[in-house]
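Dear colleague,

Please find the structure below. A short account of the findings follows it.

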Amino acid sequence: MTTVRKLRLNWNRNERLGILNGWLVFLGDGFLSVSVVVAGFAARLGAPNAVIGLLPAIAQGGWMLPQLLVAARVRALPYKLPVYRSAALVRMLTYLAMVVITATLAGSPALCLTLFVLAMLLNALASGISGLPFLEVVSKIVPPKRRAWFFATRNLYGGLLAFGAGLAVRWILASGLSFPLNYALIFLLGTVAYTVGYGIFGRVTEPADPPLPPARLREEIRAIPETLTDRHFRAFLTVRLLLAAASMGDPFYAVYALRDLQYPAATLGAFVMALTGAAPLSNIVWQRVAERKGSRRIIRYASFFAGLAPLLALAVGALHLPAGVYLLVFILSSVALQGFNLGHTNHLLNLAPPEARSRYIGTLNTLVGAALFAPVFGGLLADAAGYRAVFVLSAVLFAAAWWQCGKLRRDA
């Protein structure tokens with residue numbers, strides 16, 4: 001009996017659907033990588049650095065900001081999945097809008113970029129609405145002892161699919177397909193992957209929650225100081241805020257390569273391959289770290305790798321190192337990102353009391369979501385002082401986050 005078959009026998013139906021959803025979402029992320037593909041598209045349209053920095057800020061901050069409101073609304077619902085399905089429908093429509101905007105309006109760069117960013121914003125807000133119900137459902141269908149395995153399995157094979165997306169991106173951008181149809185095709189492939197993935201997770205059989213009294217947004221906001229009295233939560237929040245601020249350099253690795261280092265556009269596909277190719281192997285390691293050392297150690301190690309990425313980008317530019325070396329920037333970022341994805345989710349779910357899980361998730365994500373607009377500041381700094389200043393500040397903030405990880409709860 002093969003290893004894959006043995007694994008399959010150990011999955012229940014809900015876990016299978018959740019893992020398949022993750023694989024397809026990773027595939028979509030490969031085609032619609034905000035820090036590489038979308039940033040490259042915006043650079044091709046002539047977008048200023050502040051706008052390029054706004055793209056990942058919208059994608060990540062927009063995902064987190066609505067969650068305190070969502071927490072207030074979904075807390076009393078016995079079933080969270082209908083909220084997820086509704087938000088997923090909005091996301092699918094906005095992805096289709098991005099494809100149409102790209103294919104038809106690139107001849108008017110300012111209009112194209114404006115409408116594209118608005119579609120991204122609506123998509124991110126819908127993502128934020130679906131994010132908390134997603135975590136709530138996962139926490140109900142996956143026992144605590146299997147969560148590290150669940151997310152690592154999603155990430156492992158999803159990373160392989162995303163690597164294939166990178167190959168496709170490289171081939172499409174190097175082909176004879178003209179701009180903007182090349183980007184429209186890439187975005188369309190990502191849209192298909194996302195749509196199927198959302199549909200699969202929508203088929204999960206969700207257990208009902210015990211009835212809870214309905215909550216209001218005002219009550220959730222008033223409860224924030226009470227949530228912050230948990231010193232372990234405060235320590236985790238501080239780490240997340242530092243990491244969010246340190247991410248200001250992420251969208252500029254690809255743009256720096258295109259604009260300052262003069263790499264060809266097809267190199268974006270190689271960047272996606274580096275990001276996604278490193279994910280499967282790093283997930284195997286991160287899963288073992290999670291099982292043996294816990295989420296605190298994962299977050300600390302990931303902060304170290306993330307801090308090396310901007311330093312290496314600086315070294316490649318200053319020392320005129322070969323282009324192949326620059327791929328290590330994306331490999332380091334990918335290794336760190338996989339660690340953060342696994343460590344952050346596990347740490348939060350293990351930290352939050354079951355009766356206050358929605359409040360903890362909503363409070364953390366809302367507060368961190370505001371800090372994720374740091375790349376906009378990074379864009380302004382890049383315009384004023386160059387990309388190197390952004391990378392230096394990013395490295396310093398990652399070092400501060402690494403130091404703060406020493407205060408995280410060890411058994412979470």
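Over the ring of which residue does the charged end of R300 sit? That ring belongs to W402, and the charged end of R300 is 4.3 Å from its centre; a charge counts as over a ring if NZ of Lys or CZ of Arg is within 6 Å of the ring centre and within 35 degrees of the ring normal. R44 likewise lies over the face of F179, 4.2 Å from the ring centre.

This is a predicted model, in which local features need pLDDT of at least 70 and side-chain atom pairs count only at pLDDT 80 or more, while totals for chains, interfaces and linings use all residues. Residues are numbered from 1 along each chain as its sequence is written, and side-chain values use heavy atoms, with hydrogens and water left out.

The whole structure holds 27 aromatic pairs (Phe, Tyr or six-membered Trp rings with centres within 6.5 Å; planes under 30 degrees apart are stacked, over 60 edge-to-face, the rest tilted). F116 and F187 have ring centres 5.6 Å apart and planes at 40°, so the pair is tilted. Because F116 lies in helix 7 (residues 109-141) and F187 in helix 9, this pair ties together parts 71 residues apart in sequence; helices are DSSP runs of H or I with at least four residues, numbered from the N terminus. F116 is buried at a relative accessible area of 1% (buried means under 20%, with a 1.4 Å probe and protein chains only). F134 and F201 also form a tilted pair, with centres 4.8 Å apart and planes at 45°.

Yours sincerely

How values were computed: Helix = DSSP H or I, 4+ residues; strand = E, 2+ residues; numbered from the N terminus. Buried < 20%, exposed > 50% of the residue type's maximum accessible area, 1.4 Å probe, protein only.
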